[in-house]
Amino acid sequence: MFYIIGGVATLLLILVIIVFKEKPKYPPSRAQSLSYALTSPDASYLASIARLFKNLNFVLLVITYETPRGGGEQHQQSAHCCVRGSSLRGRW
């Protein structure tokens with residue numbers, strides 16, 4: 001079962017890297033248009049992800065949340081859902 005989940009997660013990661021573009025053809029707002037104008041041309045999606053994984057605090061956070069807690073599979077799944085839910089709430 002874990003191989004299936006790992007395979008699906010890997011497939012989704014590959015699709016995100018292939019399908020998502022750096023920025024949309026037309027900016028959704030004036031503020032976003034200004035943001036596009038002010039960003040440097042060498043900033044890219046993959047470079048920002050690489051920079052994120054070079055950040056020691058982020059790596060430690062990922063390791064902390066992904067370490068098995070020893071409470072069984074159901075406990076681990078609920079903990080992962082809580083982490084992902086709180087991160088989604090923070091983005092919105």
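## Confidence along the chain

Of the chain's elements, helix 1 (residues 2-19) comes out with the highest mean pLDDT, 89, while helix 5 (residues 73-91) has the lowest, 58. Here pLDDT is the predictor's confidence in each residue, on a scale from 0 to 100. Over the chain the mean is 75, with 66% of the residues at 70 or more.

So what are you looking at? This is a predicted model, where local features need pLDDT of at least 70 and side-chain atom pairs count only at pLDDT 80 or more, while totals for chains, interfaces and linings use all residues. Residues are numbered from 1 along each chain as its sequence is written, and side-chain values use heavy atoms, with hydrogens and water left out.

## Fold and surface

The chain has five helices and zero strands, giving the pattern α-α-α-α-α along the sequence. Helices (H or I, at least four residues) and strands (E, at least two) are DSSP runs, numbered from the N terminus.

## Tyr45

Tyr45 sits in helix 3 (residues 45-54). Its relative accessible area is 34%, so Tyr45 is partly exposed.

Leaving aside residues up to four places away in sequence, Tyr45 touches Val16 and Glu22; contact means heavy atoms within 4.5 Å. Phe20 is 25 residues from Tyr45 in sequence, and their C-alpha atoms are 9.2 Å apart.

## The aromatic pair

There is one aromatic pair in the structure. Phe53 and Phe58 make it, edge-to-face, with 5.3 Å between centres and 80° between planes. Rings of Phe, Tyr and Trp (its six-membered ring) pair if their centres lie within 6.5 Å; planes under 30 degrees apart count as stacked, over 60 as edge-to-face and the rest as tilted. Phe58 has 22% relative accessibility, so Phe58 counts as partly exposed.

How values were computed
Buried < 20%, exposed > 50% of the residue type's maximum accessible area, 1.4 Å probe, protein only.
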